[in-house]
Amino acid sequence: MTERLLNDFSTRFADVEENLKRIREAIAEAARKSGRRPEDITLLAATKTVPAEVVNHAISLGVAHIGENRVQELCDKYDAYAPVDLQFIGHLQTNKVKYLIDKVSMIQSVENERLAAEISRLAVRAEKSMDVLVEVNIGREENKSGVLPEKLEDLLERIAVLPGVHVRGLMAIPPARASEAETMQFFSKMNQYFVDIGAKRMDNIDMHILSMGMSADYAMAISAGANMVRVGSSLFGPRHYQ
Ligand SMILES: *Cc1c(COP(=O)(O)O)cnc(C)c1O
């Protein structure tokens, strides 16, 4: 590494450390306010565009779960990562599942039966089962990933019979331009689906993980019931796309 790069990284390392401390405090406070313990909330660091060196610094500070968005970027950084629980959180094309099946512990972005079936096929071939979350298009946005809410239960029933896939919960990203009040309503609706479906005790469907909330709104998501938040820019700083 050149000296300049080392200097760049050392500034970023210090920022990450400070940001992580602040985020952990905010998570703990939001958890307590909603009657839960800080350790009931899982922090997943969203690592898109962030160099592996910087992510590894976060891992060294105790970040135990990271999420990548793009298959190519995940594969590029995979060997450089320190040991960590690696998940996939981005839009996933069926023909790219093969690159992930032996690399990630969970795919958070299952939105249709075809994708779930391909994950199952490849997981069975690898003699494993893949944990997944079903992504819900809670804001009913066009061109947005996720199953529409009214189709969620039907999709869960179809996925439940697949031998290589284990549904662990739900994931959602509310519309970016929603007001705070609207975002809170979307989070609350998600929590309602999560609770209602959990109460049905569907075969082979667990409702243990509700993944929602990002840098701008993770405290709100926790207060609405999220137990996993995916935080990127407020941990690593603004993203620099190449
Ligand atoms: C980028 C991303 C995040 C984190 O977003 P920030 O606003 O940077 O915290 C969370 N979830 C998904 C699916 C993402 O793509």
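Here are a few questions and answers on helix packing in this predicted model.

User: What should I know about the numbering and the cut-offs before we start?
Analyst: Residues are numbered from 1 along each chain as its sequence is written, and side-chain values use heavy atoms, with hydrogens and water left out. The model is predicted, so local features need pLDDT of at least 70 and side-chain atom pairs count only at pLDDT 80 or more, while totals for chains, interfaces and linings use all residues.

User: At what angle do the axes of α6 and α7 cross?
Analyst: Helices here are DSSP runs (H or I, at least four residues), numbered from the N terminus. Axes are lines fitted to C-alpha atoms over the stretch in contact, with angles from 0 to 180 degrees between N-to-C directions. For α6 (residues 152-160) and α7 (residues 180-200), the axes come within 12 Å and the crossing angle is roughly 45°.

User: Which residues of α7 make the contact with α6?
Analyst: Contact means heavy atoms within 4.5 Å. On the α6 side, Leu152, Glu153 and Leu156 take part. Their partners on α7 are Tyr193, Ile197 and Lys200.

User: Within what arc do the buried residues of α6 fall?
Analyst: Buried means under 20% relative accessible area, with a 1.4 Å probe and protein chains only. In α6 that covers Leu152, Leu155, Leu156, Ile159 and Ala160. Taking directions from the helix axis to the C-beta atoms, these residues line one face of α6, because they fall within an arc of 135°.

User: Which residues are exposed on the other side of α3?
Analyst: In α3 (residues 71-78), the buried ones are Val71, Glu73, Leu74 and Lys77. Exposed means over 50% relative accessible area, and on the other side of α3 that picks out Gln72 and Asp76.

Terms used
Helices (H or I, at least four residues) and strands (E, at least two) are DSSP runs, numbered from the N terminus.
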